Amino acid sequence: MLSERVEAIVTAGPAGLISDTALQQLKGVLAPFPETATGIFGFETRLDASDDKVDCFLRVRPNRGELDALIETLERVVPKNVPKQGLLGFLHVWRTPGSRLERSIRHIWLEFDGFEGAAHPNAPNILFWHSRGQGPDGPVERSASEQAMLLRSVADATGWDLPDATTEIELAKCVATLPLSACVFCVGFVRRKKDAAFVRPCLHGFESGGIDAYIRRVAPPGIQDGLTLLLAQLETLNAEVKVDFDLTSRIERRLHLEVRSKKGTPSDWALLLDTLSSYAMIDPYRAEAFVHWGQRDLQVSGNRIFGPVLSHVKLLLDLAGPAEAKCYYGVWECAQLLEEKQRMCSKAFYKY
């Protein structure tokens, strides 16, 4: 089972990221799922060490048996008298040939809350990665209206309400005002954020100075304060930066910066974390454990080999309170990592 694989990987890794209590909670969340449901899974941990909560993520693709394994699992654990909604409803529509979801979504990530996920296996946050559209001259980015229609299709498939009647319009505005170099690489349907739900577009591909200019155009006043200096520092470090917003009837007063070391060496990650510590509380011990995660050995499970991955650090800038920092890390099945690198080197690779 996936919970056993996660336990073996966590206990063999560096201390300081996932406590024994958090590991037991993760095992409860993942208990229903077989290993075949994913080849890539990850974790989210706060870097300020204020709590031990760890959320977990599973990547699911439609054509490798992962989708079928996930549907089979949920049909076993979701009561028979419950309508096929939530994640299960989404997966059934995604598997339907010719549906908008089947045509438009390349893969998904599922985010399970470390405290509540075990009680809600059919209601994780869903982040869906777009496949590109096809134009007369080859692959093209999907238009603002297509993005909005895809969001509506996800809401219909899950039976979940969008945060507001105007959320689709706000998403379309975010897409329409992007510079030509940038795109929406994924959209999150985020349901468990206290008493609120959000739609979270994740943006990528900005050229130098593009993020600062875009945020000044679309975000609430004040959210960009101090951002110019931070982005300049990150550019000096040659870090990759992506931008996430929370949408309801507007862009909420909270901005997420996903920051990744392009070189990925321990020293580059350490320098990046040191820079971010000027903007948010970062516990040195937890930061060191994050860097060490990427240096751990490969692990073998049957005929599968798994390797460690450091994904990114997220800086959350909130007008209502102090900034926060979270780290994202996990494990890739090496065969899938090789496929991903081959895809990136091929002519068919798209920038997200």
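Is phenylalanine 290 buried or exposed? In this predicted model, phenylalanine 290 counts as buried because its relative accessibility is 0%, and buried means under 20%.

## Aromatic pairs

A pair of aromatic rings is described by the distance of the centres and the angle of the planes. A search of the whole structure gives 13 aromatic pairs. One of them is formed by phenylalanine 33 and phenylalanine 112, whose ring centres are 5.5 Å apart and whose planes make an angle of 50°, a tilted arrangement. This pair links distant parts of the chain, 79 residues apart. Phenylalanine 33 belongs to the loop between helix H2 (20–30) and strand S1 (40–46), while phenylalanine 112 is in strand S3 (residues 105–112). Both phenylalanine 33 and phenylalanine 112 are buried.

Another pair, tryptophan 269 with phenylalanine 290, is edge-to-face, with 5.3 Å from centre to centre and 85° between the planes. Tryptophan 269 is in helix H10 (residues 266–276) and phenylalanine 290 is in helix H11 (residues 284–293), so this pair ties together parts that lie 21 residues apart in sequence.

## Helices H10 and H11

The helices that hold tryptophan 269 and phenylalanine 290 can also be described by their axes. The axes of H10 and H11 come within 10 Å and cross at roughly 150°. Because angles over 145 degrees count as roughly antiparallel, H10 and H11 are roughly antiparallel to each other. Their crossing is right-handed.

## A charge over a ring

Phenylalanine 185 has a lysine over its face: lysine 242 lies there, at 4.5 Å from the ring centre.

## Cysteines

A disulfide is a covalent bond between the sulfur atoms of two cysteines. In this structure the count of disulfides comes to 0.

Cysteine 186 is buried, with a relative accessible area of 1%. Cysteine 174 also counts as buried, because its relative accessibility is 3%, under the limit of 20%.

Definitions and conventions. Residues numbered from 1 in each chain as written. Predicted model: local features only at pLDDT ≥ 70, side-chain atom pairs only at ≥ 80, totals over all residues. Heavy atoms only, no water. Phe/Tyr/Trp six-rings, centres within 6.5 Å; stacked < 30°, edge-to-face > 60°. Helix = DSSP H or I, 4+ residues; strand = E, 2+ residues; numbered from the N terminus. Buried < 20%, exposed > 50% of the residue type's maximum accessible area, 1.4 Å probe, protein only. Lys NZ or Arg CZ within 6 Å of the ring centre and 35° of its normal. Disulfide = S-S within 2.5 Å. Axes fitted to C-alpha atoms, helices over the stretch in contact; angles between N-to-C directions. Parallel < 35°, antiparallel > 145°, perpendicular 65-115°, else oblique. Left-handed = near helix turned anticlockwise from the far one by under 90°.
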